[in-house]
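Colleague: I have a few questions about this model. Could you take me through them one by one?

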Amino acid sequence: MTDEDFMLLALKEARKAAASDEVPIGAILADPQSGRVIAKAHNKSEFGNDATAHAEILVIRKACRKLKTKRLWGLDLYVTLEPCTMCAAAVSFARIRRLVFGAADIKGGAVLNGVCFYEQPTCHHRPEIVSGICKEECGQLLKDFFKQKR
């Protein structure tokens, strides 16, 4: 499977979030060697009354439980929006190999925008970063969601 194929699966998760009135962000953790999806998740902050229930955090937790490990060496994370600082740190702590995201987040992102978490000297692990995969579709989903809220 390609980066675009995995991002389309993350978009499917993001649409599930939107259908539940959650901010539409989806995430997929995949094994690039086998092409297998290890875990998938979408935002559940509103439904679960949990400010930390971002798609990235939930998919990391699922994968760690499934694989019975705290480190996700060799796995790739696909997420529809540039991660915030909390999620960027979680990616680093989990030792994820690659972070692939769709839309940039000028306001809340922490990878290529904002604090640029992986550039900080206190960051212990920097994943390979790929941005802009399906960015138009990822960005439009968010724009449409917030437009309905206004």
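Colleague: Where is C116 found?

Modeller: This is a predicted model, with residues numbered from 1 along each chain as its sequence is written. Local features need pLDDT of at least 70, side-chain atom pairs count only at pLDDT 80 or more, totals for chains, interfaces and linings use all residues, and side-chain values use heavy atoms, with hydrogens and water left out. Helices (H or I, at least four residues) and strands (E, at least two) are DSSP runs, numbered from the N terminus. By that numbering, C116 is found in the loop between β4 and β5 (128-131).

Colleague: Is C116 buried, partly exposed or exposed?

Modeller: Buried means under 20% relative accessible area, exposed over 50%, and partly exposed in between (1.4 Å probe, protein chains only). C116 has a relative accessible area of 22%, so this residue counts as partly exposed.

Colleague: What is the phi of C116 near?

Modeller: C116 is a residue other than glycine, and its phi is positive. The value is near 45°.

Colleague: What kind of aromatic pair do F117 and Y118 form?

Modeller: Rings of Phe, Tyr and Trp (its six-membered ring) pair if their centres lie within 6.5 Å; planes under 30 degrees apart count as stacked, over 60 as edge-to-face and the rest as tilted. The search of the whole structure finds three aromatic pairs. One of them joins F117 and Y118, with 5.7 Å centre to centre and 80° between the planes. That makes the pair edge-to-face.

Colleague: How far does helix α1 reach from its first C-alpha to its last?

Modeller: Helix α1 covers residues 3-19, which is 17 residues. The expected span of a helix is 1.5 Å times one less than its number of residues. Here 24 Å is expected, and the helix comes close to that, reaching 24 Å.

Colleague: Within what arc do the buried residues of α1 fall?

Modeller: The buried residues of α1 are F6, M7, A10, L11, E13, A14 and A17. Seen down the axis, they line one face of the helix, because they fall within an arc (from the directions of the C-beta atoms off the helix axis) of 160°.

Colleague: Which exposed residues sit on the face of α1 turned away from its buried side?

Modeller: The buried residues of α1 pack (contact means heavy atoms within 4.5 Å) against β1 (26-31), β2 (36-42), β3 (76-81), β4 (98-103) and α5 (135-149). The face turned away from that buried side carries K12 and A19.

Colleague: Which residues does A17 touch, not counting residues up to four places away in sequence?

Modeller: A17 is found in helix α1. At 0% relative accessibility, A17 counts as buried. F47 is 30 residues apart from A17 along the chain, yet their C-alpha atoms are separated by 9.7 Å. Leaving out residues up to four places away in sequence, A17 touches E22, V23, P24, I25, H42 and N43.

Colleague: What covers the buried residues of α3?

Modeller: Helix α3 holds residues 55-67 and reaches 18 Å, close to the 18 Å expected. Its buried residues are A55, E56, I57, L58, V59, I60, A63 and C64. Their cover includes β1, β2, β3 and α4 (85-94).

Colleague: Which residue with a positive phi follows α3?

Modeller: After α1 comes D21, with a positive phi near 65°. After α3, the residue with a positive phi, near 55°, is K68.

Colleague: What is the relative accessible area of R95?

Modeller: R95 lies in the loop between α4 and β4. Just after α4, R95 takes a positive phi of about 65°. R95 counts as buried because its relative accessible area is 15%.

Colleague: Which residues does G74 touch, not counting residues up to four places away in sequence?

Modeller: G74 has its place in the loop between α3 and β3. With a relative accessible area of 30%, G74 is partly exposed. The C-alpha atoms of G74 and H54, 20 residues apart along the chain, are separated by 22 Å. Setting aside residues up to four places away in sequence, G74 touches P32 and R97.
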